[in-house]
Amino acid sequence: MIEKVLFPSYIFINTLECYLYNICQVPKVSTFIRCGGKPAKISYNCIDTIKRMLSMDHEISVVNDFCEGEHVRILYGPLAGYEGVLVRQKSKTHFGIQLKEINHTVLINISTNFLEKVFEGKRKTENGDKR
């Protein structure tokens, strides 16, 4: 019996990459998580550790390291080094560049694995200087 869902909207499967398309054809399965353009993989050790934690008589909670509205920097890919604001829409994580002058934000869907928090003393100004 499931008492508490640790990762809402996630199903963990052990499969080969060649079967992912077929799995996405299952009703209510929409996609799989990608990291760097490849399917995200969680190690057997990590899954085993979570199972062991669940078998203990302790309350377990899952924490997301990022909060909506936080200033973040992209670490990898063609946007590496850019800073912006973390935005969430319908359980997806988006990186946003705010254009305050015209009251708009440009968003891109991005994995939090590609981001790091930017602390107030280390943020760049709009001209690239650090504050």
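Four salt bridges turn up in this protein chain, which is shown here as a predicted model.

| Pair | N to O distance |
|---|---|
| Arg52 and Asp48 | 2.9 Å |
| Glu70 and Lys117 | 3.5 Å |
| Arg73 and Glu83 | 2.8 Å |

**A pair within a helix**

Let's begin with Arg52 and Asp48, whose side chains meet in a salt bridge. Both residues belong to helix α2, which covers residues 44-55. They sit four residues apart, or about one turn of the helix.

The salt bridge between Glu70 and Lys117 has its closest N and O atoms 3.5 Å apart. Glu70 is found in the loop between α2 and β3, while Lys117 is in strand β7 (residues 115-117), so this pair ties together parts that are 47 residues apart in sequence. Lys117 is partly exposed, at a relative accessible area of 31%.

Which residues does the side chain of Arg73 touch through polar contacts? One partner is the side chain of Glu83, at 2.8 Å. Another is the side chain of Glu116, at 2.4 Å. The contact with Glu83 is also a salt bridge, with 2.8 Å between the closest N and O atoms. That pair links distant parts of the chain, since Arg73 is in strand β3 and Glu83 in strand β4 (residues 83-89), ten residues apart. Both Arg73 and Glu83 are buried. Salt bridges with shared partners bring Arg73, Glu83 and Glu116 together in one network.

Strand β3 itself runs over residues 71-74. Why does Arg73 count as buried? Its relative accessible area is 16%, and the buried class takes in values under 20%.

Now for the start of the chain. Tyr10 lies in the segment before α1, a helix at residues 20-23. Together with Phe12, Ile33 and Ile42, Tyr10 forms a nonpolar patch on the surface, and the four share about 400 Å² of accessible area. Tyr10 is partly exposed, with a relative accessible area of 47%.

Ile11 is also placed in the segment before α1. Its relative accessible area of 68% makes Ile11 exposed. How far apart in space are Ile11 and Phe32? The distance is 9.2 Å from C-alpha to C-alpha, for two residues that are 21 apart in sequence.

**A loop residue with positive phi**

Lys28 belongs to the loop between α1 and β1, the latter being residues 34-35. The phi angle of Lys28 is near 75°, a positive value in a residue other than glycine. Lys28 also counts as exposed, at 87% relative accessibility.

**Cysteines**

How many disulfides does the model contain? The count comes to zero. A disulfide is a covalent bond that joins the sulfur atoms of two cysteines. As for individual cysteines, Cys18 is exposed, with 59% relative accessible area, whereas Cys46 is partly exposed at 38%.

**The chain as a whole**

Stepping back, the protein chain comes to two helices and seven strands. Their order along the sequence is α-β-β-α-β-β-β-β-β. The chain has 131 residues, of which 18% count as buried. Arg73 and Glu83 are both in the buried class.

As for contacts between residues at least 6 apart in sequence, 36% of them join residues at least 24 apart.

Definitions and conventions
Residues are numbered from 1 along each chain as its sequence is written. This is a predicted model: local features need pLDDT of at least 70, side-chain atom pairs count only at pLDDT 80 or more; totals for chains, interfaces and linings use all residues. Side-chain values use heavy atoms; hydrogens and water are left out. Buried means under 20% relative accessible area, exposed over 50%, partly exposed in between (1.4 Å probe, protein chains only). Contact means heavy atoms within 4.5 Å. A disulfide is a pair of cysteine sulfur atoms within 2.5 Å. Patches are made of residues with over 30% relative accessible area and no salt bridge: like charges are joined within 9 Å, nonpolar side chains (Val, Leu, Ile, Met, Phe, Trp, Tyr) within 5 Å. Accessible areas come from the Shrake-Rupley method with a 1.4 Å probe; for residues, only the protein chains shown count as cover. A polar contact is a pair of N or O atoms within 3.5 Å; within protein, one must be able to donate a hydrogen and the other to accept it, and residues adjacent in sequence count only if both atoms are side-chain atoms.
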